[in-house]
Amino acid sequence: MGTFKAIRIDKAEKGTTAALTQFDEAELMDGDVTVRVEWSTLNYKDGLAVTGKAPVVRRFPMIAGIDFSGTVEQSSNPAWKAGDKVIATGWGMGETHLGAYAEKARVKGDWLVKLPEGMSTRDAMSIGTAGYTAMLSVMALQKHGLTPSDGPMVVTGAAGGVGSVAVALLSRLGFHVIASTGRVAEADYLKKLGAHEIIDRNELSAPAKPLAKERWAGGVDSVGSTTLANLLSMTKYRGAIAACGLAAGMDLPSSVAPFILRGVCLLGIDSVMCPIELRKQAWARLASELDHRKLSEITQEIGLTDVIEAGAKILAGQVRGRIVVKIL
Ligand code: NDP
């Protein structure tokens, strides 16, 4: 057995350390499929893990990285064989199971989704956990019954990873999209993705009234805290907000008023333990509904050596769209 390149997180006297180093193959954890990782991505959670800003990592040593695409090298799982192209996101990778910033990963075959027809492994990670979470949010809003005739959709953290893909998907479905951002300089970028209106995120960051003027039928929120409270208070009768993020905080200083007086619904979105069937649906829809031109518009590429520095930038809200990490 040999070694391979990986970003390794270790426990230190104070917090954790992260370094690009050689990792011993013998240290890989249990799993029935070994994958040659080709691409990974940088998500907000990866930023927390590589900088040690939040206790995301719960096993040491850890290989950081919550998602990857690549080619199966070895499998004792009947569903997979050497040469299959696969996607893996979540399931505790980079948290409790050795993760994606590595040339090799060993995981459970049940975690994997087959790379959709027509999608490259790079495209898959250009979408990554953030894009697939945006799709889960859109699917939840549609399951709730919302259609373009119900009214506009708001997207918060719009210039970020989840936000950018959510804007593109909702506009493609015919919704009037209101993009909320702290980076008004990114207005052109957001309009190219399909946003019809841009609002300054400060409009949504003051303490929320129990109910405010109805502005949208629904939305995708990657910000949390007072922003989510404001979104709820401004949602039209029987509308819904898909809550998937906490970029501004974990708290939710809201009231029950939107729920009991307007029948508004709060839809929780979790990508990490999402059942496999729903994942397959989400990836199939991403393959057919996300415009390739828009995907390349939102994507920047970095190498493994750049990940730790980029991790600090994503936490500072300085990353636009998506970052793919070239592994091989
Ligand atoms: P990004 O950093 O790419 O995007 C977050 C965006 O939120 C920023 O670009 C910025 O957008 C906005 N933002 C940042 N800080 C603040 C603030 N203090 N107040 C208001 N807005 C802020 O991260 P991702 O898109 O990868 O992830 C977004 C969130 O979703 C994270 O909290 C992440 O943990 C969560 N997430 C959850 C998942 C799940 O399974 N539920 C899966 C994936 C992500 P702008 O500059 O446009 O204002």
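The model is predicted.

I will start with the ligand. There are 24 residues around the ligand, and those that come nearest are V162, T181, G182, R183 and S271. Sorted by class, this shell holds 11 nonpolar residues, 10 polar ones and three charged ones.

The side chain of T181 places an N or O atom 2.6 Å from an oxygen atom of the ligand. A ligand oxygen also lies 2.9 Å from a backbone N or O atom of A159. On the nitrogen side, a polar backbone atom of C244 is 2.9 Å from a nitrogen atom of the ligand.

How much of the ligand's accessible area does the protein cover? On its own the ligand has 910 Å² of accessible area, and the protein covers 87% of that. As for secondary structure, the elements that give two or more residues to the shell are α2, residues 121-143, and α3, residues 161-172.

Now the aromatic pairs. Searching the whole structure gives three of them, and I will go through two.

One is W91 with W111. Their ring centres are 6.1 Å apart and the planes meet at 10°; the cut-off for stacking is under 30 degrees, so this pair is stacked. Where do the two residues sit? W91 is in the loop between β6 (85-89) and β7 (104-107), while W111 is in the loop between β7 and β8 (113-114), so the pair ties together parts 20 residues apart in sequence. Are these two tryptophans buried or exposed? W91 has 16% relative accessibility and counts as buried. W111, at 11%, counts as buried as well. The limit behind both calls is under 20% relative accessible area.

The other pair is Y132 with W283. This pair is also stacked, with 5.9 Å from centre to centre and 15° between the planes. Y132 is buried, with a relative accessible area of 0%, and W283 is buried at 1% relative accessibility.

The charged end of R122 sits over the ring of W39, at 5.4 Å from the ring centre.

That is the end of the talk.

Key: Residues numbered from 1 in each chain as written. Predicted model: local features only at pLDDT ≥ 70, side-chain atom pairs only at ≥ 80, totals over all residues. Heavy atoms only, no water. Near = heavy atom within 4 Å. Polar contact = N/O pair within 3.5 Å; in protein donor to acceptor, adjacent residues only side chain to side chain. Areas by Shrake-Rupley, 256 points an atom, 1.4 Å probe, with all protein chains shown as cover. Helix = DSSP H or I, 4+ residues; strand = E, 2+ residues; numbered from the N terminus. Nonpolar A, V, L, I, M, F, W, Y, C, P; charged D, E, K, R; others polar. Phe/Tyr/Trp six-rings, centres within 6.5 Å; stacked < 30°, edge-to-face > 60°. Buried < 20%, exposed > 50% of the residue type's maximum accessible area, 1.4 Å probe, protein only. Lys NZ or Arg CZ within 6 Å of the ring centre and 35° of its normal.
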